[in-house]
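The structure comes before the text.

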Amino acid sequence: MEGASQTPFVRAVGSLGLVRRWMTPFLRVSNACCGEKKVREFLAPYLESGLPVTAQIMGTRGDVLGELAVKCLEAGAVGIDLNCGCPSKRVVSGGAGGGALKDPLRLAETVRTIRSVIGQKTPFSVKMRTGFSDPEEMTELIPRLADAGIDKFFIHFRTVREQYLPVPGRTERLRKAAAAASPLPVIVNGDISDAEDGLTLLEETGAAGLMIARGLLRDPWLLLRFENADVPSPEEGRRRFSAALEAFDAHGGNKLELVRMIWGEDSPEFRALCGERRRKS
Ligand SMILES: Cc1cc2nc3c(=O)[nH]c(=O)nc-3n(C[C@H](O)[C@H](O)[C@H](O)COP(=O)(O)O)c2cc1C
């Protein structure tokens with residue numbers, strides 16, 4: 001999660017064993033690729049956990065993205081994911097992230113270029129919304145991207161235009177996505193609140209897996225619940241996770257944002273931190 005997953009967060013998650021693999025937040029490039037040093041620094045906190053790391057990349061130029069993908073693989077990533085889901089206006093207006101879905105032909109060409117430099121064997125996925133403005137767009141997009149070299153899809157059920165608004169039809173949209181990608185795997189995403197919700201969604205969509213972002217902050221042991229592990233309650237999990245964050249020093253820039261995402265805006269924890277910041281300023 002871009003902005004949330006800074007080093008203390010990654011170390012806290014890793015030390016508590018809350019995930020089995022990583023997909024990084026996006027590393028964005030525009031007209032030129034970043035250097036090897038920046039790529040290594042970006043991947044370092046994930047790689048130090050010893051877990052497999054998929055590097056997520058974002059941009060518009062296939063040649064530059066291909067160069068970035070190769071640098072990520074050389075630095076230790078085991079797979080590449082292309083971000084085609086970010087709905088931020090700044091990103092979309094430049095044609096990157098979710099903006100890439102507006103031009104399926106160009107996006108397919110970008111995928112082909114990246115595939116040609118990373119080789120056939122490297123896992124190469126796309127994280128996408130169901131469309132830019134209409135979820136029906138995915139029925140054209142998914143097969144086109146599969147033809148171009150994508151081997152796995154991570155799909156957030158909303159369109160780019162829908163941002164994070166409440167919209168109906170999650171199961172139906174994701175079932176269509178899984179059917180459009182078949183036999184390639186689809187990992188479904190969006191608003192998965194607890195293990196029961198996740199298991200029902202898997203069953204009803206025929207998807208191959210679940211991707212959970214905000215839910216993991218509200219219940220840090222959520223992914224382990226799927227393994228029936230004996231895990232702490234969400235409340236206790238938040239407490240332990242917050243303590244681990246403190247231990248890895250989350251006093252820096254994004255502590256307020258993390259506390260808001262973990263405990264919620266109305267929580268005593270968030271209000272106390274806001275008060276503390278006001279007193280200090
Ligand atoms: C703060 C924040 C940062 C995010 N950063 C990324 C990112 O870098 N790459 C990505 O693919 N998705 C990113 N997402 C989107 C999530 O992966 C996910 O698609 C979305 O939050 C819906 O799933 P959820 O309801 O489980 O949170 C981000 C979401 C949030 C809230």
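## Valine 259

Valine 259 counts as buried because it has 23 C-beta neighbours inside 10 Å; the cut-offs are 20 or more other C-beta atoms within 10 Å for buried, 12 or fewer for exposed, and partly exposed in between, with C-beta atoms placed from the backbone. The model is a predicted one, in which local features need pLDDT of at least 70, side-chain atom pairs count only at pLDDT 80 or more, and totals for chains, interfaces and linings use all residues. Residue numbers start from 1 along each chain as its sequence is written.

Valine 259 sits in helix H12 (residues 255-263). Helices (H or I, at least four residues) and strands (E, at least two) are DSSP runs, numbered from the N terminus. Apart from neighbours within four places in sequence, valine 259 contacts Glu269, Phe270 and Leu273; a contact requires C-beta atoms, placed from the backbone, within 7 Å.

## Helix H3

Helix H3 (residues 62-75) has 14 residues. Its buried residues are Gly62, Val64, Leu65, Gly66, Leu68, Ala69, Lys71 and Cys72. They pack against E1, helix H2 (36-47), strand E2 (53-58), strand E3 (79-84) and helix H5 (104-118). Just after H3, glycine 76 has a positive phi of about 130°.

## Ligand shell

Of the 19 residues around the ligand, Met1, Glu2, Pro25, Ala213 and Arg214 come nearest; a residue is near if its C-beta atom, placed from the backbone, lies within 6 Å of the molecule. Strand E1 (22-28) and helix H9 (214-218) are the elements that give two or more residues to this shell.

Definitions and conventions
Expected span 1.5 Å × (residues − 1). Contact = placed C-beta atoms within 7 Å.
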